[in-house]
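Biologist: Hi! Could you walk me through this one?

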Amino acid sequence: MEKTKDKVITCNNCVMDSTDPSIKFNKDGICDFCTNFKNVIEPNWRSISINNKKVIKLVNKIKKSGSNKEYDCVIGMSGGVDSSYLAYIAKVKLGLRPLILSVDTGWNLNVANENVLKIIKKLNLDLETVVINWEEMKDLQLSFLKSQVPYQDLPQDHVIFAGLYNYAIKNKIKYILTGANFSTEGVKPPQEWTYLNDIKFIKSIQKKFGSVRLKTLPMVGMFKQRIIYRYIKGLRVIHPLNWIKYDKENALEELRTKFGWEKYENKHYENVFTRFYEGFWLPTKFGYDKRKCYFSNLILTNQITRTEAFEMLRKQPYNEKIAKQDLEYIADKLDLSVTQFIDIMNGQNKNFRDYDNNYKWIKFAIKLAKFVGLEKRNFR
Ligand SMILES: [Zn+2]
């Protein structure tokens, strides 16, 4: 196992640090995520609300786009806080008629599935489930493990995202609502830890390590997503949680009282594999702790203090007993013995540069999008 041995430098404002190799600090020791948030994201975010004329106009446009149809938008729901709360806002506060789409990759925890069911039942919404071909999913995940890259959740992340986009296109739904928001996602996980949504990279890993051909897994390349889907098919992606003062704790409490919604540890832990990847694979093998991004966002949006974040970071990201259980469960589900799985984890660490990828092009496209004002978040 490799860990950073150099002295780690931490931002004076949030808890991001030099385990992100691209982090930059200004003369006051403030990181570029914080500067970007303060200068670019915050002014934009604060100026918009649910009663804003632009928002009302957009909501009416969404309603009109679905006026003769059963639904006017689609929401991908994982059972996590953001997407659950979004479904509530969309239906109750905005008066939209969303279809709820769940992409079943085979790893969701029961508590997450139950949360989804509670929400759709109480809000009287329809649920559609896209079930992913398990043999293909399993093979791709095994290829990723063998590739030794940090971002082990790319297969699931991509399939969930592509499943949602493809569903909207196929069913002629023009609007996708997502729970992505500045309040919890202003600090994006560093590229080094998670890399980007890149199908060239996925395919090159599958070609090298895979044993089945991926015939049915939903996939959407960046060109298809940003050009064909967006400009030719007219698909729009909307982030309504940026229109409200989104506070995670309050949202949780509201979901609990209104829907009997159940909470679980940390963001994105509604899924066994994700829990293992974020709680064990990344921190133990690579020395990356994704909670640093998560807590930094909460600091930037005044939901916790920096001291509270440090206190939480001192605790293990993952309960040892659950880690062991998950390890056995994952090995079994992927048809590996526990020893084989541990051998993989002890393998030589790699990163995205070790495989074919579209890094150069994606970086260029994001720079261009930032230049013309389509992208405000900080990518490096
Ligand atoms: Zn910072």
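Biologist: How many cavities of 30 Å³ or more are there?
Modeller: The count is one. A cavity here is a set of points on a 1 Å grid over the protein atoms alone where a 1.4 Å probe fits but cannot get out. Points are joined across faces, edges and corners, and a volume is the space filled by probe spheres set on them. This is a predicted model: local features need pLDDT of at least 70, side-chain atom pairs count only at pLDDT 80 or more, and totals for chains, interfaces and linings use all residues. Residues are numbered from 1 along each chain as its sequence is written, and side-chain values use heavy atoms, with hydrogens and water left out.

Biologist: And what lines the largest cavity?
Modeller: Its lining consists of Trp 45, Arg 46, Ser 183, Lys 245, Tyr 246, Asp 247, Thr 301 and Gln 303, each with an atom within 4 Å of a point. The space inside is about 50 Å³.

Biologist: New topic: which residues other than glycine have a positive phi?
Modeller: Gln 148 is one, with phi near 65 degrees, and Lys 172 is another, at about 55 degrees. Most residues other than glycine have a negative phi.

Biologist: Where is Gln 148, and is it buried or exposed?
Modeller: Gln 148 sits in the loop between helix 5 (134-147) and helix 6 (154-170); helices are DSSP runs of H or I, at least four residues, and strands runs of E, at least two, numbered from the N terminus. Gln 148 is buried because its relative accessibility is 8%, the cut-off being under 20% with a 1.4 Å probe, protein chains only.

Biologist: And Lys 172, buried or exposed?
Modeller: Lys 172 is exposed, since its relative accessibility is 61%, and exposed means over 50%. Lys 172 lies in the loop between helix 6 and strand 4 (175-177).

Methods. 1 Å grid on protein atoms, 1.4 Å probe; cavity = no way out; pocket = protein on both sides within 12 Å on 5 of 7 lines; lining within 4 Å.
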